Amino acid sequence: MNERLDHILKQALTPDQKPDLLLNRKILNQIKEKEEMKIRKRKWVPGIVFSLVLILAAGTGVAYAAYKLLNPEEAVERVGDERLARAFSGEGAVEINETQHFEDFDVTLLGIASGENLAEHVTEKNGEVLSDRSYIVTAITRTDGNSMPENLSDTAYDNMRFFISPLIQGCDPTQVNIVSMDGVYTEFVQDGTLYRLTECSNIEIFADRTVYLCVSDADQSSAFGYNEEAYTFDITTGAISRKENYEGVNALFELPLDKALADPEAAEEYLSTFEPDEESDEEYAAWSREADAFMSEITPENIEQYADRIEESVHVFGPEEDEVWYDYTMPDGEQIRRPMSREREFPDGRTGMSDRIAYFDYEIGVESLKIVTFTLNEDGTVTGALYIPKKS
């Protein structure tokens, strides 16, 4: 594994926000928690922001005709994009309805639509509208008949971290996936089924290759990452396949793209943007080790020795508030968001600062770290605050 796989973004917009994205390093919340797994991110990934309405999961073995599910047009209407819904009923869209089954989940690929200016809710990158996009609708149900969690902050969500992404034959899926393809998604639960609308760069330029859609439980070292344990990448043929003995969710669909729409020249130009910069990788790896070393020294008892609290960032949650978001925007526009769960932060109910100290990084250098803490007060309120490292 490339040492550069050190961080991954963990940022979500609130459900009523449109996915208007500033997909640059400054808006990516690459979050790690001292007491938890390392979360990793590739350097050449420009970024991804998720607009989360609710939650997700997935399925194996192929069958057709999903029952009691919304069709792609209906699902997109539910998301609130009427223009895109109309596109899913147009000639260029393909309704698929292929279901793959797993022990705990069934996942259905409902349909796909691609093209220019299909959606009302535009996606931006560095201030520029990304207009040529592919949109894929999937549905996930539980095989035990229970509903998918309807609250993103539900503790049940912790065991349902899944990854949905197009993958391209001939491209290393650890490098070329939804994260690096300017991806966003929106999802919701209706009648116990989770629906996800995934959006990314237009994949029709790869139509002369096999283009897949993977749906898997996430890499355990990455809350939203591609799971290398679930699939095999053949470097000789470029083919991607499921690992049949994988004990989890590793659905893999082949997308029915019109080969006449392939553009090999545009595809090669697009893929050239994924070339890693080895010198920058080494620099980032060194910085990551430095940041980890810095944070390893910090405890609730000594944080004031290492970092200064930004008073403007302080937010006090009432005794009744739980499973909510701490949200603070820096003067330069960087948005810091972290979920606050009393059960996770204060499992024993003791007052004081939680040991779960999270930190975000945007640029190289310890001084770029943003540290978020939660403190349980005697009156039952919780204080959320942002710290930045002291200047040396």
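Start with the largest nonpolar core of this predicted model: it has 46 residues, and the members that touch the most others are I203, F206, L213 and L255. Where do its residues come from? Strands β6 (105–116), β9 (132–142), β10 (162–168), β12 (193–201), β13 (211–217) and β16 (250–254), along with helix α3 (264–271), each put in at least two.

Now follow β6 back to its partner, β5 (residues 94–101). Together β5 and β6 make a hairpin, with three residues between the strands.

Last stop: R342, in helix α6 (residues 342–345). What is the nearest side chain of opposite charge to R342, and how far away is it? That's D322, at 4.6 Å. A salt bridge has to come within 4 Å, and R342, although buried, has none. Its side chain does find backbone oxygens, though: the one of G318 is 2.8 Å away, and the one of E321 also lies 2.8 Å from a polar atom of the R342 side chain. Setting aside residues up to four places away in sequence, the neighbours that R342 touches are F317, G318, P319, E321 and D322, plus P347, L376, G380, T381 and V382.

Key:
Residues numbered from 1 in each chain as written. Predicted model: local features only at pLDDT ≥ 70, side-chain atom pairs only at ≥ 80, totals over all residues. Heavy atoms only, no water. Core = buried A, V, L, I, M, F, W, Y, C linked by side-chain atoms within 4.5 Å. Buried < 20%, exposed > 50% of the residue type's maximum accessible area, 1.4 Å probe, protein only. Helix = DSSP H or I, 4+ residues; strand = E, 2+ residues; numbered from the N terminus. Lys, Arg positive; Asp, Glu negative; His and termini not counted. Polar contact = N/O pair within 3.5 Å; in protein donor to acceptor, adjacent residues only side chain to side chain. Contact = heavy atoms within 4.5 Å. Pairing = 2+ DSSP bridges.
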